[in-house]
Amino acid sequence: MRSGTKRIRLVAMAALTALTFATAACAEDGGDGTTPGGSTGTMKTGLKIAFLPKQVNNPYFTTSDNGGKAAVEEIKGSYSETGPSEASPSAQVSYINTLSQQNTDVIVVSANDKDAICGALNEARQAGAKVVTFDSDTNPTCRDLFINQATAEGIAANQVKLISEAVGPDGGEIAILSATANATNQNAWIELMKTELGKPEYAKLKLVDTVYGDDQDQKSFTETQALLAKHPNLKGIISPTTVGVAAAARYLSGSTYKGKVQLTGLGTPNQMKAFVKDGTVKAFALWNPADLGYLAAYAGGALASGLITGKEGDKFTAGKLGEYTVGKDATVLLGDPFTFNAGNVDQFNF
Ligand code: RAM
């Protein structure tokens, strides 16, 4: 039910290709702080809601945080975004401390490391802030809620299926180009990809290496080049990071490996379109980052307003996305990953 709704929402967005996601989100605002199909209930106004992405210069987070901004405007709060330019483990600590000192009501954070920012987050919580992780979780003891883009199992199954289909029935060696070595989200997906690869239908695929581009474009590009030099029989690469998959695609498309070594991953349609069209990539996946940020902002607002506490079964309304229920381990699930290919990629603009 929920997944069907999400799929339709993505398809419906196709009709909005001329608009940016931010514009699309604004267009759905009731204009008076309420949202179509739902009320803001007793959501407090004036909440200070800050987004702290893994890194600020990453188009994926620009889109997710703009989704958050639209939600914060709808609930008449005050939005801000801050964060490091490099996705290193402890780089977010000083930003968390500053947000706490500024009496921020809600910190919405994608963690570069599940433990490194825990102390700072718990201090901020003691000072009165609610902490919502989104995209990449911390240890659950350091936050009030985690907004999960899709189940880790679903993402892992999707990525392995896509590389298997791209490589073809003969299978062969594959490798993973990840983000940073400490990233909670990528590490969870990689572990589950290994489990998935143990299934009989993938017996002909052999994972030979996992390397880290640190969500830096140039490092991801160089790591791709090195992978191919090190593994001359490589048949495919999975890069479950928007930065990594775009850099790997750029390398492959300008090399003799184009179309011979397959690539899939988690990418944004705008970064990947050209590589789908030139035959470097057959299919890749993602969720709607704008919806993820939007949902996280509403969840944070509901927490800071005392509408929910984060316990399993708590329900809240996230504006245009409708009602969500808090699941196990104080986690809220956005939906299913969505696969993009030559047949649909042009319909999306983010
Ligand atoms: C990068 C980041 C982010 C991840 C996406 C798929 O932008 O690593 O955390 O969710 O890729």
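Leaving aside residues up to four places away in sequence, Gln-92 touches Leu-52, Pro-53, Lys-54, Pro-84, Val-109, Ser-110, Ala-111, Asn-112 and Ile-117, where a contact means heavy atoms within 4.5 Å. The structure is a predicted model, in which local features need pLDDT of at least 70 and side-chain atom pairs count only at pLDDT 80 or more, while totals for chains, interfaces and linings use all residues. Residues are numbered from 1 along each chain as its sequence is written, and side-chain values use heavy atoms, with hydrogens and water left out.

- Gln-92 is placed in the loop between β2 (78-81) and α4 (93-101); helices (H or I, at least four residues) and strands (E, at least two) are DSSP runs, numbered from the N terminus.
- Gln-92 counts as buried because its relative accessibility is 0%; buried means under 20% relative accessible area, exposed over 50%, and partly exposed in between (1.4 Å probe, protein chains only).
- The side chain of Gln-92 reaches the backbone nitrogen of Asn-112 at 3.1 Å.

**The chain as a whole**

- The protein chain contains 11 helices and 14 strands.
- Of its 350 residues, 54% count as buried.
- Of the contacts in the protein chain between residues at least 6 apart in sequence, 72% join residues at least 24 apart.

**Aromatic residues**

- There are 14 aromatic pairs, counted when the ring centres of Phe, Tyr and Trp (its six-membered ring) lie within 6.5 Å; planes under 30 degrees apart count as stacked, over 60 as edge-to-face and the rest as tilted.
- One of these pairs is edge-to-face: Phe-340 and Phe-348 lie 5.1 Å apart, centre to centre, with 90 degrees between the planes.
- Phe-340 counts as buried because its relative accessibility is 0%, and Phe-348 counts as buried because its value is 2%.
- One aromatic cluster is formed by Phe-51, Tyr-60, Phe-61, Tyr-79, Phe-134, Trp-189 and Trp-287.

**The ligand**

- The ligand is surrounded by 16 residues, and the closest are Lys-54, Asp-135, Asn-185, Asp-215 and Thr-242.
- An N or O atom in the side chain of Thr-242 is 2.6 Å from an oxygen atom of the ligand.
- For the side chain of Asn-185, an N or O atom is 2.9 Å from an oxygen atom of the ligand.
- A polar side-chain atom of Asn-58 lies 3.0 Å from an oxygen atom of the ligand.
- The protein covers 100% of the 300 Å² of accessible area that the ligand has on its own; accessible areas come from the Shrake-Rupley method with a 1.4 Å probe.

Methods:
Polar contact = N/O pair within 3.5 Å; in protein donor to acceptor, adjacent residues only side chain to side chain. Near = heavy atom within 4 Å.
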